[in-house]
Amino acid sequence: MTRQAAVAGIGLSDLGKVFGVSAPELAAAAVRGAVSDAGLELGDLDGLIVSHGIGTPVGLDLATSLGLQDLRLLTSMQGYGSTAIQMVQYAAMAIMTGTARTVAVVWADDPLRAGESSGGAYATGSAAGWRGLMAANGLTSVTAWYALAARRHMEAYGTTSEDLAAVAIAQREWAGLNPLAQHRAPLTPDDYFDSRWIADPLRLYDCCLVSNGAAALIITSSERADDLRGSAVDILGWGQAHPGGRPAMSEGFGLETGARASGQHALRMADTTLDEIDLLQIYDCYTYTALVTVEDYGFCEKGEGGAFLSEKGRLGPGGSLAMNTGGGQLSSYYLWGMTPLSEAVLQLRGQAGERQLAGRKRALVSGNGGVLDHHATLVLGAP
Amino acid sequence: MTAVTRDRETEWFFDGTARGELLLLRDRRTGEFADPRDANRHAPAEWEHVAAAGSGTVVSWSRVPNRHEPDDAVTVGLVRLDEGILWPTRLVGFAPEESPTGARVHLRFMTSGESIPYFVPA
């Protein structure tokens, strides 16, 4: 039980408006890329964990289509936006216990269709039962729920649209340095405030992109990883929190989240303090989500996330807080939890190109699923 | 507006709205109210269905434009029912420039497929 697990390889498929390729094909491309990046071959894998978004399912037959044989671990996982970190956690536990030696974890989705809107891809279609009732109420997408959460935060703590704008604008600056980003052109305050309401107080640029694509990671022991390419990222700690009890209906809805508990657990396990975190990759399905997560992790006092993140010199390239350095889900690509996780791995391995930050040692990565229902946190260490 | 259809899980609830009742769950032993969507927390025999008094206070809200007709916005809200349950609902009758948060509201019903509960200023 003493082995340390590490990320030995990363693979990203084509991302964004990639049409004519299904999620399982994108997943296969990402796994092949990650295996190659780790200096391995597909036949070296003895574990595979698959997951997918809202498009074509990626099932266990991905193993067959990749020609994998004699696996010792093969399963599908789903924790919505917390899935990516959960997969890494499960793979790391498999490595630490000797259950498997080399595990690929992969997430893929293909919600975008040529000629159809991004917004429509995530709209609630069902008219039956409780979902139908919520749609009739006007809660036709998850964005409306997040708007209710963001509104509570704004009215309780004085968080402003300017605070949310600061997050969106800074992340677009980072995206400008990321060749993988879907939106790289600068975002001005006028662009932000002129953008349409999706669900007041959330405007278009408060909302994440919709992307087709896949990301895969290779998890193995640190010892073995060092024998491969020598640039493995150590998996130091993790935590999950699923507050339950219909969080969207709880007293603290919108004000505090399970990120607090999952973050504390991950930091304790990694024997790391917040002061030691020098890279922050936060699940940012909405600007508000990033803001409330940063608060719950303890980077500022509860309720002060808006003022903290919008302070001049805080975010963006050259800022004092290295957060969502690839542009995040708002501006780079939306692969659910794989977006923050992939950027953390690229930065810690020194593969972030023009946006590479020097000397980063510890990354804190967040995942958030449902409407603040499912939380996962990962602490990663540089090679 | 979505024309709602009932399914097996919601038959009892929409039977209630058809009578002009917003049914909540109440634990027979403790008297504690629960969200009607959370019936699995107990065995069915331990719940009773009780009509909400029909008043509450707005806790949060959002105006959601119709994607196809942006000038046509729906106001959605979270209402703390007097029974203590936070209930997601449509809010009608608030001026666009005012925040409904903190306002007292009353239950009404409209038909869209099934009878749908919504709330208006008290």
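The model is predicted: local features need pLDDT of at least 70, side-chain atom pairs count only at pLDDT 80 or more, and totals for chains, interfaces and linings use all residues. Residues are numbered from 1 along each chain as its sequence is written, chains are lettered from A in the order in which they are written, and side-chain values use heavy atoms, with hydrogens and water left out.

**Interface of chain A and chain B**

- In this model, 34 residues of chain A are in contact with 38 residues of chain B (contact means heavy atoms within 4.5 Å).
- About 2,800 Å² is buried between chain A and chain B, and carbon and sulfur atoms give 60% of this area. Buried area is the accessible area (1.4 Å probe) that two parts lose on being put together, summed over both.
- The interface has 11 residue pairs in polar contact, both residues at pLDDT 80 or more. A polar contact is a pair of N or O atoms within 3.5 Å; within protein, one must be able to donate a hydrogen and the other to accept it, and residues adjacent in sequence count only if both atoms are side-chain atoms.
- Between chain A and chain B there are 0 salt bridges (a side-chain nitrogen of Lys or Arg within 4 Å of a carboxyl oxygen of Asp or Glu).
- On the side of chain A that touches chain B, the elements giving two or more residues are α4 (118-121), α5 (129-136), α6 (142-157) and β5 (197-199). Helices (H or I, at least four residues) and strands (E, at least two) are DSSP runs, numbered from the N terminus.

**Helix α7 of chain A**

- Helix α7 (residues 161-175) has 15 residues and should span 21 Å at 1.5 Å a residue; its end C-alpha atoms are 21 Å apart, which agrees. The expected span is 1.5 Å times one less than the number of residues.
- Of the 15 residues of α7(A), 13 are buried (buried is under 20% relative accessible area, exposed over 50%, partly exposed in between; 1.4 Å probe, protein chains only).

**Backbone features of chain A**

- Most residues other than glycine have a negative phi, and most peptide bonds are trans.
- A:Tyr80, in the loop between β3 (73-76) and α3 (83-97), has a positive phi near 50 degrees. A:Tyr80 is partly exposed, because its relative accessible area is 45%.
- A:Trp336 has a positive phi near 45 degrees and lies in the loop between α13 (328-331) and α14 (338-348). A:Trp336 counts as buried because its relative accessibility is 6%.
- A cis peptide bond, with omega about 15 degrees, joins A:Asp200 and A:Pro201. A:Pro201 is in the loop between β5 and β6 (202-203).
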